[in-house]
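Okay, thanks for having me. Let me put the sequence and the fold up on the screen, and then we'll walk through it together.

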Amino acid sequence: MHKSLEKLAGKIEISRDLILLLVIGGLYSLSIFLSNTFVNIYLWKQAGDYVTIAFYNLGIYLFQPLTFIVAGKIAKKVDRVIVLRLGVIFLSLFFLSVLMIAEKAATYNFMLGSVLGIGFGFYWLAFNVLTFEITEPESRDFFNGFLGVLQSFAGMIGPLLAGTIIASMKENIGYSVIFTISFILFIGAVVCSFFLKRRQAEGLFHFKRVLMERGHNKNWRRILNAHVTQGLREGIFLFVISIWVFITTQSEFALGMFNLFLSGLSFVFYFIVTKWVKPSLRKKAILTGALILYFSIYIILFSISYTQLMIYAALIGIAYPIVNVPYASLTYDVIGKARKAKELRVEYIVVRELFVNIGRVTAIVIFLIAITLLSAETIIPYLLAVFGLGHLFIYLFVKNIYLGSAGKKDTITNEPVTDEKNR
């Protein structure tokens, strides 16, 4: 596997820890794609209203950034791999809770979302920090691109497998099977984490210092603003579209096919973008992907059929890799050139995640207020049209980010961080 990756990467050096991190990311993605989409459907079938689904997702996005802060403090005192395992443990507890609560899951929607948010917080803090430390500037686009390939592959087989299992069994049995498989995959991720090299950070947790750095570092402020607008789109799109697919088809298998088509195209385009998008083309790629993402919404906005949904899936399957690979790499590079990035890399990642979730929570709160005051069927298309602008605003913020060559004084040669780089 090592030699195969080195061939794909070209002249880029591939370390053992980088491979392990890709394996862990792949197992995580497969588990989440297998089950998480269908948790929303599971709750919808029990409650039949958007409020239940919105509060479930609100629990996720409220507790995820709070856990990031706690996880950041722990990461400065304890091995980051331990934090990664804590995340997987909470994610496992989430699926066990869904299995135990079963038909009453909709009643405990916010609690379930909170447990999942805690798991996400611990997992992604550790994963992002480890990614930041294990990758170098030269290997960053390759890592993000290949991780995207793994995520797309998981997105192809996960929902389709889950939809097939649910459709071929009695509902509760099918859902129990896929939640159990997800639990087993998370155990596999924990096992892999034991082979990662121990990585400890020193010093205190300076969350406020990095938060206030926005006033001194224009690039940092711009990338944080971009992450808020990213969150605005993700906040409602992550659950509304899957509900629309299910309402239109009344079939978990059809939802699996939708995700197969979407992720299949992403799988191909992550390969293409990894090879094609170099640092000089990042901003143009982000704009191109953002335009495709936004205008694709209008295919399903005011009339909807399964054919329209599949066309929409194809377009966003192409667009997401074009945006995500350069955007993730640019974010790492902004942090890497930020003040005291080596010492404060954990804090930079925590603050970044906080701003993403500010956008997500804002979108869901507005969504809840809107569907309370107006008919959901009437207002949701307008909400999607407005919040769908999120990725276009990403471009407006990142187009003015300029990264000079790393200064000799602050350059960190042994880690993918310099005195002014983003995550």
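I'll begin with the overall fold and then go on to rings, charges, backbone and surface.

Some housekeeping: this is a predicted model, local features need pLDDT of at least 70, side-chain atom pairs count only at pLDDT 80 or more, and totals for chains, interfaces and linings use all residues. Residues are numbered from 1 along each chain as its sequence is written, and side-chain values use heavy atoms, with hydrogens and water left out.

So, the overall picture. The secondary structure comes to 15 helices and 1 strand; helices (H or I, at least four residues) and strands (E, at least two) are DSSP runs, numbered from the N terminus. The C-alpha atoms fill a box of roughly 60 × 45 × 40 Å along the principal axes. For 423 residues, a compact globule would have a radius of gyration near 22 Å, and the chain's 20 Å agrees with that. That radius is taken over C-alpha atoms, and the globule rule is 2.2 Å times the number of residues to the power 0.38. Buried residues make up 59% of the chain, where buried means under 20% relative accessible area, exposed over 50%, and partly exposed in between, with a 1.4 Å probe and protein chains only.

Now the rings. How many aromatic pairs does a search of the whole structure find? It finds 27. To pair, rings of Phe, Tyr and Trp (its six-membered ring) need centres within 6.5 Å; planes under 30 degrees apart are stacked, over 60 edge-to-face, and the rest tilted. Take Tyr 28 and Phe 120, which are edge-to-face at 6.4 Å centre to centre, with 70° between the planes. Tyr 28 lies in helix 2 and Phe 120 in helix 5, so this pair ties together parts that are 92 residues apart in sequence. Tyr 28 is buried at 6% relative accessible area, and Phe 120 is buried at 8%. Then there's Phe 239 with Phe 367: the centres are 5.4 Å apart and the planes at 90°, so that one is edge-to-face as well. Phe 239 sits in helix 9 and Phe 367 in helix 13, so here the parts tied together are 128 residues apart. Both Phe 239 and Phe 367 are buried.

Staying with helix 13, Val 361 is found there too. Is Val 361 buried or exposed? At 16% relative accessibility, Val 361 counts as buried.

Next, charges over rings: NZ of Lys or CZ of Arg within 6 Å of the ring centre and within 35 degrees of the ring normal. Arg 233 lies over the face of Phe 237, at 4.0 Å from the ring centre. Lys 283 has its charged end over the ring of Tyr 402, 4.2 Å from the centre.

On to the backbone. Most residues other than glycine have a negative phi. Gln 250, though, has a positive phi near 55°; it's in the loop between helix 9 and helix 10, exposed at 55%. Lys 340 has a positive phi near 50°, in the loop between helix 12 and helix 13, and is partly exposed at 38%.

Last stop: Tyr 298, in the loop between helix 11 and helix 12, is partly exposed at 40%. That's it from me, happy to chat.
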